[in-house]
Amino acid sequence: MPLSESERVQNTGPAGQAPTAGRVGRFLGRHLWLQVVLSLLAASALIMLLFPERSFTSVLVRTAVTSVGAIAVLVARRRKEKRAAGGSADDLVSLDLRLRNGEVPEAPQERRAMRDLVAQRLHRMRHRRMGLVLLGVLFGGLTVVMALTRDARQSIGFGVLTVVFVGWMAYQGKVQDRRLRTMRAALGDDSPEGRSG
């Protein structure tokens, strides 16, 4: 039985996921500070698994201090994306969900905002392969150092983390690139060449 229009609008989560996942995604999308806090807690918990001799407070503080640069880049990127999406966090969250679900906006203003957002993200991802190689070399080097200086449990744990993290980054980068290029192609008729043709 086909869904009604209201049911389609309510089920904003990615395909195959419950509407609750869509609501959680929207909430996290609106509150960048919560994403940062959860990321810091997750990273600190992971470090505690590898180095249980340290106190959680010291690990949390050290993780927060070493993450200041990444957080600053994230905040600056978020501001640019909000401007491209129309100026508010809700606009950005709405466009991001449409992008994830492959929904091409119909309103001219939303199409322009989506096109700007897609162009911005594709520009930012232009060196993604080189970045991934550097990330792999960095984590691989740290794994070797761990193998030479730490016990087997920590070395194996960090090696597994390296493979999982770098593999996940490679997969996510490929998925994002495909989504962005698909959306750009769908919006291609809005380009000046498309309109004049």
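Buried means a relative accessible area under 20%, exposed means over 50%, and partly exposed lies in between, computed with a 1.4 Å probe on protein chains only. By this scale Arg150 is partly exposed, with a relative accessible area of 34%, whereas Glu53 is exposed at 53%.

The structure is a predicted model, in which local features need a pLDDT of at least 70, side-chain atom pairs count only at pLDDT 80 or more, and totals for chains, interfaces and linings use all residues. Residues are numbered from 1 along each chain as its sequence is written, and side-chain values use heavy atoms, with hydrogens and water left out.

**Confidence**

The pLDDT, the predictor's confidence in each residue from 0 to 100, averages 79 over the chain, and 81% of the residues score at least 70. Helices are DSSP runs (H or I, at least four residues) numbered from the N terminus. Confidence is lowest in helix H1 (residues 5-10), at a mean of 38, and highest in helix H9 (residues 152-186), at 90. Over residues 1-18 the pLDDT is below 50, and this stretch has 14 contacts (heavy atoms within 4.5 Å) beyond near neighbours in sequence. Residues 192-197 also stay under 50. Where pLDDT is low, the predicted coordinates should not be read in detail.

**Helix packing**

Helix H3 (residues 32-50) packs with H9 at an angle of about 145 degrees, their axes being 9 Å apart; axes are lines fitted to C-alpha atoms over the stretch in contact, and angles run from 0 to 180 degrees between N-to-C directions. H3 contributes Leu46, Leu49 and Leu50, and H9 contributes Arg153, Gln154, Gly157, Phe158 and Leu161.

**Salt bridges**

The whole structure holds 8 salt bridges, each a side-chain nitrogen of Lys or Arg within 4 Å of a carboxyl oxygen of Asp or Glu. Three of them are tabulated here.

| Pair | Closest N and O atoms |
|---|---|
| Arg150 and Glu53 | 3.7 Å |
| Asp96 and Arg121 | 2.8 Å |
| Arg98 and Glu110 | 3.6 Å |

Arg150 lies in the loop between helix H8 (128-149) and H9, and Glu53 in the loop between H3 and helix H4 (56-66), 97 residues apart. Asp96 in helix H6 (residues 89-101) and Arg121 in helix H7 (residues 108-124) are 25 residues apart. Arg121 counts as buried, at 9% relative accessibility. Arg98 lies in H6 and Glu110 in H7, so this pair ties together parts 12 residues apart in sequence. Arg98 is partly exposed at 22%, as is Glu110 at 31%. Finally, Glu81, Asp96, Arg100, Arg121 and Arg124 are linked in a network of salt bridges.

Terms used:
Helices (H or I, at least four residues) and strands (E, at least two) are DSSP runs, numbered from the N terminus.
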